[in-house]
Structures are given as C-alpha cells and as structure tokens.
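Let's take a walk through a protein and see which side chains meet. Have the sequence at hand as you read.

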Amino acid sequence: MRPLRTFTIEPSLPDQLKPLLEIVRNLWWCWQGDAQDLFRRLAPDEWKTTYHNPAAMLGMISQQRLIDMASDEGFLTHMQRVHRDLKSYMANQGWWIKTFGGDMTPQVAYFCAEFGISESLPIYAGGLGMLAGDHLKSASELGVPLVGVGLLYQQGYFRQRLNADGWQLELFPRNDFHNMSIQPARNADGAPLIIQVEMPQPVKALVWHSQIGRVSLYLLDTNVADNSPEDRQITAQLYGGDQEMRIRQEIVLGIGGVRMLAAMGIAPKAFHMNEGHAAFMALERIRTLMNECGIPFNVAREAVIASTIFTTHTPVPAGNDAFAPWMIDKYFSNYWGQLGLSRDDFLALGRQQSGNKDEPMNLTVLALRLSSFRNGVSKLHGEVSRKLWANVWPGLPLGDVPITSITNGVHVRSWISHDLATLYERYLGPNWHEKPADIQAWKAIDHIPNTELWRTHERRRERLVAFARQRLLAQLTKRGGSAAEMAAAEEVLDPEALTIGFARRFATYKRANLILSDLERLDKILNNPRLRVQIIFAGKAHPRDNPGKDLVRQIIHTARLEQFRRSLVFIEDYDMNVARYLVQGVDVWLNTPLRPMEASGTSGMKVAANGGLNLSVLDGWWDEGYDTEVGWAIGSGESYEDLDYQNTVESHALYDLLEKEVVPIFYDRGHDKLPRRWIARMKACMSRLAPVYNTNRMVMQYSQQAYAPAAARWNDLTAKNMEKARHLSDWRNRVRDHFGEVRVERVNDNMDSLGGARIGTPVQVEAVVNLGQLQPEDISVQLFHGPLDGSGQLVDGQSIDMNLAAKEDGSKARYAVQMPCGRSGLAGYTVRILPRLDATSDPYGMGLTKWA
C-alpha cells in the first residue's frame, strides 16, 4: 500500500543534548573510544540492540530517559568533552596542508564499490571495503582534501546463517538509511540531489552524504520512485546478481559518480580508482572534458590519464571484471559516439590484444590504459601484477612494466582495544595517534612493563572467549539447539589457553581447512591438558561459491567431534564487530593462502597492532613484513605444481611450528607466570610492524607519489585552454605515425680493446640510430644490460639512457654510454628505443618500444 505522504521522524532531544546530533552525524565517533563510551553510557541496552548505531539508538530511547540525562551533570560533562574534541579535530590543519599547502577543498576523488566504516553502516563485504574505510579515516587524520564516492546498498552484503548441517544460508535484511549516520545530499534549492545515467534508458540515483571526520563520502542509491522496479534494484545488494547487474552497478559508480561530483560543484584534480569496478569513471571524465572544452578524445585523454590513479587488488585473472562485446553493445552503443570512437576502438581500450574481436572488455585493462599511476597492494603483489598484465605493454621486460606497489595498511585506532589505546597513551604519549607512522615513537613500546602488557592482553582474550560463547548460544537458539548443546556452549574455550584465530572470506585458495589435514595430530596439539590450544574460525563464502561453503561445513562438522567440542569454534556472521573481538583477543593469527594469491591481506596487520603474532604463509604483506622475531612463516615461499603435495608439505610445516615453537614459547613461564619470550615477540611485533603497516603511512605514500603529482599534472595540462594537453596529443600522434621508421643500425663496444669485460672497468657502448622523420628530442635510446639465465635471456636487466654523441649523415645519430661492470658471470646487453617524454609522464604509456 502506497502512502499519501512520506516524511522522516527525528529524535526529540532536549536542548542540553543537542550536541549529540552533531557527534552522531560524523562517523568520527566510530574510532573514538570516548565517544563510544558516551553512547554506551546514554543507553547501554539500546547501544547493543542497534548494533552500535547511535543514529538508530537516539530514536529508541524513551523521552523520560533523555530528560533525565539532560540533567545528569556527569553525562553532560562527558558529552561536552567529546563534542569539544570533535570540534577541535575538525578545525585542526592536517599533514597535507602543512606539506602541500592549500585548504580542504577536495582535490582527490576516491572511488570504490564498498566502504567499511562501521558495522552500523553495512555497505562492505570484506578486505576491499575495510581498506577503503581505513583509507578515508587516515585521509581525514592527515587532512588530505579527499572525497569518497561509492554506492549505497539497500541490503548491503548478506548476513550469514548456518543450518543444522553447517551449510551457509544468506539473509538480506534491508538497511534503514534514515536511521544511520548518513543524510541525503541537497542541491542549492534544498531539494534532495538526484543525478542520472543512461543504460540506455535513463536511471536516476539519489545522492547520500556521510561525514567521516574531515572527509566526505558520497553514496549513490537507485531506489528512486521514478526508476523502474528493475532499475531500483541496481543498488540493492553488494556483489549480488549476475554480470548484467555488475555492469549496471559499475556504470552508476563510475559514470554516475563523476556526474554527481559535477552536480555538487566538486572539481577534484586527481581521481583514484580503488579496483577496476570504477573504471568507467575515466571514460566519463574524458567525455565531460570533450564537451566542456570542445576538444577531441585524444586531447581529453591526455589530461585524464595524467590525473588518474589505479590500484589493483586482484592477483588472478578470473577476479577481474570483464564484459562480453554484446553486453558492452547493450549499454554503451549510444556512448562511444560521444567520445568520437568507433565500436572497435572503444572495445580495444579494455582489451589486452586490441585486434582480438572475441576478447571481452576487461575493466582492469581499461583502468590500466587510462591511468598514469598504477599499483598493486604489496611488493609481492606488484610483481604478480606486472606478470599478469605484461601484455598491455608488449615488448617490455617485466621489470619495466609500469605497475608499482604501495603496501596496504590499517587504521590503527579503529582496530585496537580501548585498553591497549590507554596503554599507548600512557607510554607512547597522549598524541601517539597523530603520528602512527613514526617508527621512533613506537620504540617506546619497550617501556611498557611486561606485567601490564600481558594483563591487558589477557583481559582482551577473556572478552573474546565471553563473546564467542554468547554468539554460539545465539546461533544455537536460532537453530533450535538442545539443552545439552546450550550447556556445552557455555563451557567452550578456555580464557587462559593459547588462542588461534582464522577469519576471512572463505575462498578455496585461502585454505581454511589446511590445519584440519591431520585430525589426530591436531587433537594432540589442542587437547594437551598442560598446554591447551584453541582455534576460533569465522568468515563467509560468496553466495555462489559452493566449494567455499563446503569449507565452512567441514569446519562445523569437525568442531562437533567430541575431541574438538571445547577447543574449536566457528563464529557465525563475520563482520567488523566480530573482527574487532578477534584481532584484539587472539594470541596467534593463522593465514594459509596459496602463494601468491593473497594480494595483501590486512587482518594480520590489525592483530600485530594489538600485539598478536602472525603464523602465515609468506604471501601478501607477510612476505615483506616477516622476520623471526615478530612471528612465524609457514614454508619459505616455495612454489609447487602438485596442490595435494603442497597441502601435505605445508600442513606438516604448520603442525611442526605449533608443536616445536609456538606452543612451547607461549607456555614457557617464569615464577611470576609471565611468558617473557612471548612478550618480547609481542613488543617486537608492535614496535616494528604497527608503524609501517598502517593506513596513515599508506595514504602519505599515495599523496606523495600519486595524488600531489597527479593534481600538478592536471593543472599543467589543462591551463590556458588545455594548451599543453593539445601539444602533447599532437606530439604523440606524430611520434606514433613515424615510430615504425626508427631502427638501430649498428651497435659496437670497446670490449676487445680492453681485453674483455672486468669488474670495475666500464665498457663504452655506441649505437647508431636511424631516426626516420623524428628528431633526437623525440626519442630515448637506452642500453639494457644484465646477467643471462640458462637459456641465454637477459634477466634482472637495468636500463641506462644513452647520450647523443653526434648527428651523422641524413637521419642518423650516434649515441654512447659507459656500461658499468659490477658483477662477474655471464652477462649481455642490447639497445632499445622509446618515445621521450618529460620526467612527469609515463615513459611506457604509448606502448612503443623498438629493440635492436
């Protein structure tokens, strides 16, 4: 039944409590322990009932309770302190302004399909969303003038329930946006802001705004009355539906996100695509520039590429969105003409082999082609990405493929316990959170007394065990568990036992069941009466991933075996709240992916900031973060062709580490019952890993290496009616037209006169190049040299620019360079020619390389 009128009912707060509204409407509160304590103090039962959602909580509190609290001097003092802290936080200048100048007018737009800010705003699924949320929080703390762009999902990601057999079921409760810390964005007339995209029929999207500290997040919602029922479902579920639903969501995110910013008068200079879901954003920026400036595609593309950043998170080809040509025809047949492109030219932007008419349009390839700064999310993932996408730049050695890496991090204040935050304030200083990437500041961890650190950690483990028992009881109640099962659930886990955590998305490559490979051996490890060990699992499988669901069921069945009933537990419905209890309370974080399929992983970083130790395969961030004093490595980074053999080898290695190192060190206690060797590892882990693997360091790297340079390039190329962009486009066209004429005529060196190559004696190498119709300033001639492998191929080669030595007859020029000889062994060199771009441009972006 449709209502005659719709309206929003707001809480009626006494005047004395009005500051609560300002606090609630800024999600700054979700990483401020004092603010959360304020809400808990106001209405402890409602705080739990609303799952830590103060916006909904205010609407549930009785009016009498509000009146009572308005005269509670202690509460008012607490509220005023939090409100004062918020206002001070918002007024302070951050690192960006001190470093680059300017103000908080948005200069960077950060696009992502999901954001994990708080469990009270459930529009996230897993690691990508957690990272994006932490990215915004650190951008706020650093004062980066950044605006987030995403989608507002009516049902978010699914809620997990397990049936009696342990099989995962999915529930999709609807989000009540009017009882969350978000508000509709409004236009100049005060009306809700609505933008439109074409699919090809018009689809409208309502714009919502969420304040994340000093950073704004704008979210698009297609559940608008003017849309068809089908189109209203576009933003119904995160990662729901089929491929057509995916492309529709990504059109709204990429194209709609750009239009939304324009409608709000927000004009960023740098655009960051966090994963390929937002790749259509670059096309819309090009189209907009073409219309506004009256310029062709190639000119607009210069400015867009120069100001676009792309981060890839997926280390396997199947994880990247790709759409068949017929689907692109359906949704973009009216679009490519607006770009001045043919159908084939449009599709080629997203193909590794532009001439392959059967190849789908891959959004990762599109993003790689339309960005100038491209990165993976760990050093190892950068290497994997260069191999995976090398065909986008044919003819380049792997080391030159222009994909770098910025390792992920976590927002420390969002993930550490209040107890530990208090400990940090006492020993690292009250302003430690303002410099979480300062390695010197974290060295003060050594000053924390062992007793104090250990007691703090034990309290957190006790809370984790209590939480796990509560969740198990709730799970059993929903499934109609017996009285015996309920009684048993109250006795699972031991608050003093060594506690191992494993929680993540249940994909098969993450191998959640590796530790279950030998149940007899596991039984001996977990159930030694003097050295008790226990494991807590949590995680969701994608709704269409039946093998992942089967992993969940296998763990449930194992946990029901008599020998594991008290020591092995699976917590249902993994989310941010469950994650916090786990990363704050476990002693050991277990991670067993198939290397190199874990792009980064961030849960282990959260554990490290809390003093937990990682026990992991050398993959993702752990490949660079591991050393023997901060945790344990399963294996040494080996590769195997036989998966069954690999699982056998690595499960044995895991059991060996538990039996011979992890468990003995944990239970090695002195007369004071303190595990001093364990505590030493905790301190090493916290002081060495926390200042490096945090998002403040990460966002600073993005700012210095990508955002500020991209904004500068945008200013440079778009000044004076796009003068430099026009010039650069013309130059590229000329070089591309004539590059086929360029060739290396001959190469020689003085090795014979030197009597061979010797360490420490450089070799003079000269090359004569035929330039065709190009000029010396158009090209870069490079010597590429290095050791040879067993097949005579150059490996780990290095390039050196050769200097123009002389112009020769006609179109020829001679180049020369001194080649260093720094190591013995079989080596070689060759010569290559590239287009010469200025230092701020991508030298490989044109895809032109000529080898001798």
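What you're looking at is a predicted model, where local features need pLDDT of at least 70, side-chain atom pairs count only at pLDDT 80 or more, and totals for chains, interfaces and linings use all residues. Residues are numbered from 1 along each chain as its sequence is written, and side-chain values use heavy atoms, with hydrogens and water left out.

Let's start with the rings. Rings of Phe, Tyr and Trp (its six-membered ring) pair if their centres lie within 6.5 Å; planes under 30 degrees apart are stacked, over 60 edge-to-face, and the rest tilted. A search of the whole structure turns up 34 aromatic pairs. One of them joins Tyr-157 and Tyr-239 edge-to-face, at 6.5 Å centre to centre with 80° between the planes. Here distant parts of the chain get linked: Tyr-157 is in the loop between strand 2 (146–151) and strand 3 (159–162), while Tyr-239 is in the loop between helix 9 (229–232) and helix 10 (243–263), 82 residues apart. Helices (H or I, at least four residues) and strands (E, at least two) are DSSP runs, numbered from the N terminus. Are these two tyrosines buried or exposed? Both Tyr-157 and Tyr-239 are buried. Elsewhere, Phe-280, Phe-332, Tyr-335, Trp-336 and Phe-346 make up one aromatic cluster.

Rings can also have a charge over them, meaning NZ of Lys or CZ of Arg is within 6 Å of the ring centre and within 35 degrees of the ring normal. Lys-540 does this with its charged end over the ring of Phe-158, 5.1 Å from the centre. Arg-669 lies over the face of Phe-666, 4.9 Å from the ring centre.

Now for salt bridges, where a side-chain nitrogen of Lys or Arg is within 4 Å of a carboxyl oxygen of Asp or Glu. The whole structure has 47 salt bridges. In one, Arg-81 meets Asp-34 at 2.9 Å, N to O. Arg-81 belongs to helix 6 (residues 73–91) and Asp-34 to helix 2 (residues 33–42), 47 residues apart. Arg-81 is partly exposed, at 32% relative accessible area, and so is Asp-34, at 26%.

Definitions and conventions: Buried means under 20% relative accessible area, exposed over 50%, partly exposed in between (1.4 Å probe, protein chains only).
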